[in-house]
Amino acid sequence: MTKAASRHSPFAVGLSLFAMLLVGAVAAQQKSPAITKSPATPALDPSKPVAITGAKLLTITHGTIDNGVLIIENGKIAAAGAASSVKVPGNAQVIDAKGMTVYPGLIDSETHLGLTEIEADKMTNDLVEPSDEIMPHMHVSDAFHAESVLIPVTRYNGITNAIVAPDSRDTLPGQDSFIQLAGADATQMLLIRDIAMPLNFTGRQRRNESFANAQYPQTRMGMAAQMRQAFTDAQGYAAKWDEYNKKKASAKAGETPPSPPSRDLKLEALLPYLEGKKPVIVKAETSNDVETAYALAQEFKLKVILNGLTQSQAIYDKIASWKVPVILGSIYDEPKEWERYDTVYKMPGELSKLGVKIAFASFDAHQVRNLPYAAGFAVAFGLPYDEAMKALTLYPAQIWGVDDQLGSLDVGKTANIVIANGDPLDVKTDVKYVFIQGKSIPMVNRQTELRDRYSNRQ
C-alpha cells in the first residue's frame, strides 16, 4: 500500500478522528470545572405514606393535571388529583415536585433482560435453545438472571416492567415472562412466569445458513408445515388425555384402571395456547409473511398478538380489521429500496389512526432504557402524543392483562411511578425518582458508579 493510500484508509482516518476527539476532550476538561457526584435520592420510609405535590400528573386515563398531588400508601396509589381536591396525610413524607412530571412506570413489551449480560461471552447468554426450532416447553423464567447489571440501568430511565422473551431465531422458541424491575430475587421479579408464546415467521428462522449445515426447515413453506404439524400433534395429544380421563372417570370399582398416555412436555406446553387461555405473539414483517402466519394462527383458533409489521404497509387496513393488538417494531428498521425513507417511522401513527392498539418494545437488553425515545420518534412522524404515552403504559398493560394493576395513575393501582424533570419522551429529561410497588428505588447503577468514580480523577 502506498503512503497516499494508507493516509486515506478507513483505519487511518478512524485513528486520526479518535486522536482529534481525545485532544478535544482533554482540552474541554482543562477548561471546564470538574463534574461532581450527583446527590443520592433521599431515603424514604416505605411504612409511611408518600405525598408527591405540585407536579404535573400524566394520569393516562383521565388527562393531565397541572398542579396535582399523588399519594402512595401500602404500595398502592391512594389518591391522585388536583391539589385542591387531595388531602395530604399528616404523617406523609412529602416530595416537592413543582416543575416536574409524574407518570406511570413504562412497560417494554419485548426485551431480553436477564437472559444476556455480555454479548461476546457465551456463558452469559441464555437467549435461545438452538438445538431445535420447536421448543414451546422452554421457559425464560428458568434462565432469568435477576442480578443483571442491565436492570438498574433500565429502570434509571423510568421503565418499571417488561416482557422477557427468547431470541427470535427459532419458530417456537419458548414462553415469555412478565417482570417488574425490582425485587430481592427472581421470585419477586417474575410476576407472570409464562404469559405468552412467540411464533416467529420472519424468514430468519430458516435453517439454511450454509449449504453444508442446512437443515429442515429451509424455506418458509417448511416453517409453516413444521408449526402446523406441532399444533396438530398437540391436538392429538390432548385427545388422548381426554379419552384417558373419560375412561378413568367411568371405570367401575374393582376394574383395572386405564394406563395414562406418556407425557410429552413439548406438546403439553402448546395446550394452553390451543385452548385460547394465553396469547401467541405472531412475529412477521412483510405483508405475505404476516398473512401466512396469521392464517396459520386462525387455523388453530389461537389468541393473537401481532409483532413486527415493518414492511407490511400494504395490508394495514386488513390488519386493523383483524382487531388484534400490535407490538411495534423496531421502528428504527431501514426501509426497503422501493420505500420512502419514513415508511417505518410512520408505522405507529398510521396503525393508531386505523384504531389498532399498539405497544412499543426495545427488542433488546442493553438499550431498553431508550424505550421512551422510540415513542418520541413516532410522535415526530405522526403519532399523537397521548397515544404514544398510552403505547408505553396503558396499552401494554391491557395487552398483557395487567391493566387492573398497572398502566395509569388510577387509585388502587400498584404504585409504579416515575418523577422526572421534563417530558418523558424527551432525551433531555432526567428521571429523579422511580417507585416500584410503592418503594423508592435507589437511582444508582453500574454506569453512575463508574461516572462518579472516574469523573474527578486528575
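At the start of helix H6 (residues 265–274), a side-chain oxygen of Asp264 comes to within 3.0 Å of the backbone nitrogen of Lys266, a polar contact being a pair of N or O atoms within 3.5 Å, of which, within protein, one must be able to donate a hydrogen and the other to accept it, with residues adjacent in sequence counted only if both atoms are side-chain atoms. The model is predicted, so that local features need pLDDT of at least 70 and side-chain atom pairs count only at pLDDT 80 or more, while totals for chains, interfaces and linings use all residues. Residues are numbered from 1 along each chain as its sequence is written, and side-chain values use heavy atoms, with hydrogens and water left out.

Within H6, Leu267, Ala269, Leu270, Leu271, Tyr273 and Leu274 are buried, where buried means under 20% relative accessible area, exposed over 50% and partly exposed in between (1.4 Å probe, protein chains only). Their cover includes strand S9 (190–200), H5 and strand S10 (279–286), and just after H6, Gly276 takes a positive phi of about 75 degrees. The protein chain has 13 helices and 16 strands, these being DSSP runs numbered from the N terminus (helices H or I, at least four residues; strands E, at least two).

Of the 458 residues in the protein chain, 49% are buried.

Glu133 sits in the loop between strand S6 (106–111) and helix H3 (150–155), and counts as buried because its relative accessibility is 4%. The side chain of Glu133 makes a polar contact of 2.6 Å with that of Gln226, and another of 3.3 Å with that of Arg207. Leaving aside neighbours within four places in sequence, the residues in contact with Glu133 include Asp170, Leu172, Tyr216 and Pro217.

On a 1 Å grid over the protein atoms alone, a cavity is a set of points where a 1.4 Å probe fits but cannot get out, whereas a pocket is an open set with protein on both sides within 12 Å along at least five of seven lines, and lining residues have an atom within 4 Å of a point. The second largest pocket has a volume of about 250 Å³, and its lining includes Glu110, Asp167, Arg204, Lys283 and Phe363. The second largest cavity, with a volume of about 50 Å³, is lined by residues including Glu110, Asp167, Ser168 and Lys283, and S9 and S10 each supply at least two residues of this lining. The largest cavity holds about 60 Å³ of space; of the 14 residues that line it, Pro104, Gly105, Leu406, Gly407 and Asn416 are the closest to its centre.

Definitions and conventions:
Contact = heavy atoms within 4.5 Å. Points joined across faces, edges and corners; volume = space filled by probe spheres on them.
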